Every structure is written in C-alpha cells, then in structure tokens.
Amino acid sequence: MKLASTLTVLCCGALFGFGLALSAMIRPEVVLSFLEWQDFGLMLVLGGAAGVALVAYQLLPRLMRKPVLAERFGVHPSVLDRDTIVGAAIFGAGWGLSGVCPGPAIASLGAGNWPVLWALGGIALGAWVHGLQKSR
C-alpha cells in the first residue's frame with residue numbers, strides 16, 4: 001500500500017503541475033497581470049478548480065464507501081485566528097510581489113524557470129519560521 005500511495009501522490013502531483021503549466025499559472029507575469037486587473041484568465045482557472053472541488057467534495061462521499069488512500073472521509077478543522085490572518089497577509093504580500101505561490105513555483109521549475117528559486121527560498125523560510133513559532 002505504501003508504494004501505491006506514493007505512486008498515486010506522484011501522479012496527482014504531476015497532473016496538478018501539468019494543469020498549472022497548461023493554464024499558464026507557472027508564469028509570474030500572468031499572475032501579476034491578474035493582480036493588476038489586466039487579465040482575468042486566472043479567475044477562470046480558480047473558478048474552474050473551485051467548481052470541480054465543490055462537486056467532488058459533495059459527490060464522492062456519497063458515491064464511495066471510503067477514500068482511495070484513507071480509511072474514511074473526514075472534515076479538516078480550520079481555525080480563523082490571529083496567526084491565520086497574519087499568515088494570509090504575508091502570503092498575499094509575497095504572492096503580489098513575486099507573482100508565484102508554492103504550487104506554481106515548484107511546477108515552474110519543471111519548465112526551467114530558475115529565477116523562481118528566490119521565491120521558493122522565501123516560501124521555505126516562511127514555513128521554517130512558522131514551524132519555529134508553532135513549536136514554542
């Protein structure tokens with residue numbers, strides 16, 4: 001089962017990265033043109049992804065007895081607190097300044113976009129600082 005899980009995760013990650021590349025979300029200039037209200041193609045991508053996820057989350061628990069890689073369906077608890085708001089603000093500022101977020105940044109490496117390594121370094125630094133803060 002471990003090998004099957006790993007292969008499934010790799011395949012899903014590759015499919016996700018292909019979708020990001022196909023929709024041009026791996027190009028920071030496309031994301032920045034959306035944030036500057038010049039190109040709304042990203043809104044179509046985000047809306048399409050949210051629609052597919054909404055349908056999947058509503059239908060799959062009714063159609064399947066259990067998830068493919070887990071024992072049961074569950075609800076991920078979310079908390080809206082000061083840390084979440086500060087983290088979202090930092091993420092938004094970083095996204096607006098660089099034009100990349102974690103998924104597209106990693107996918108763009110596959111397209112040879114090496115300057116995005118600076119953004120990935122910032123993402124890793126933020127995750128490390130968050131981990132330090134949470135461990136206290």
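Predicted model: local features only at pLDDT ≥ 70, side-chain atom pairs only at ≥ 80, totals over all residues.

Visitor: Is Ser33 buried or exposed?

Guide: Ser33 has a relative accessible area of 14%. Buried means under 20%, so Ser33 counts as buried.

Visitor: Which residues does Ser33 touch, leaving aside those up to four places away in sequence?

Guide: With that exclusion, Ser33 touches Gln38 and Asp39.

Visitor: Let us step back. How many helices and strands does the protein chain have?

Guide: The protein chain contains 6 helices and 0 strands. Read from the N terminus, the order of elements is therefore α-α-α-α-α-α.

Visitor: What does the C-alpha trace span?

Guide: Along its principal axes, the C-alpha trace of the protein chain spans about 45 × 40 × 30 Å. The accessible surface is about 10,400 Å², and carbon and sulfur atoms contribute 72% of that surface.

Visitor: What share of the residues is buried?

Guide: Of the 136 residues in the protein chain, 18% are buried.

Visitor: Now α1, please. How far does α1 reach from its first C-alpha to its last?

Guide: Helix α1 has 21 residues and reaches 30 Å, close to the 30 Å expected at 1.5 Å a residue. Its buried residues are Ser5, Gly17 and Leu20.

Visitor: Why do the buried residues of α1 line one face of the helix?

Guide: Seen down the axis of α1, they fall within an arc of 100°, so they line one face. On the other side of α1, the exposed residues are Leu3, Cys11, Leu15, Phe18 and Leu22.

Visitor: What do the buried residues of α1 pack against?

Guide: They pack against α5. After α1 comes Ala24, with a positive phi near 70°.

Visitor: Then α5 itself: which of its residues are buried?

Guide: In α5, residues 102-110, the buried residues are Pro104, Ala105, Ala107 and Ser108. The elements covering them include α1, residues 2-22, and α6, residues 117-135. Helix α5 is followed by Gly112, which has a positive phi near 85°.

Visitor: Back to Leu20. Which residues does Leu20 touch, again not counting those up to four places away in sequence?

Guide: Leu20 touches Met25, Ile26, Gly103, Pro104 and Ala107.

Visitor: Which residues make up the largest nonpolar core?

Guide: The largest nonpolar core has 9 residues: Leu20, Met25, Ile26, Val31, Phe34, Leu42, Trp95, Cys101 and Ala107. A second, separate core has 5 residues, among them Ala105, Val116, Ala119 and Leu120.

Visitor: A last topic: where does Lys66 lie?

Guide: Lys66 is in the loop between α3, residues 41-63, and α4, residues 82-98.

Visitor: Why is Lys66 classed as partly exposed?

Guide: Lys66 is partly exposed because its relative accessible area is 40%, and that class lies between the cut-offs of 20% and 50%.

Visitor: Which residues does Lys66 touch, with neighbours up to four places away in sequence not counted?

Guide: Lys66 touches Glu71 and Phe73.

Visitor: How far apart are Lys66 and Leu10?

Guide: Lys66 and Leu10 are 56 residues apart in sequence and 21 Å apart in space, C-alpha to C-alpha.

Key. Residues numbered from 1 in each chain as written. Heavy atoms only, no water. Buried < 20%, exposed > 50% of the residue type's maximum accessible area, 1.4 Å probe, protein only. Helix = DSSP H or I, 4+ residues; strand = E, 2+ residues; numbered from the N terminus. Contact = heavy atoms within 4.5 Å. Core = buried A, V, L, I, M, F, W, Y, C linked by side-chain atoms within 4.5 Å. Expected span 1.5 Å × (residues − 1). Arc of directions from axis to C-beta. Areas by Shrake-Rupley, 256 points an atom, 1.4 Å probe, with all protein chains shown as cover.
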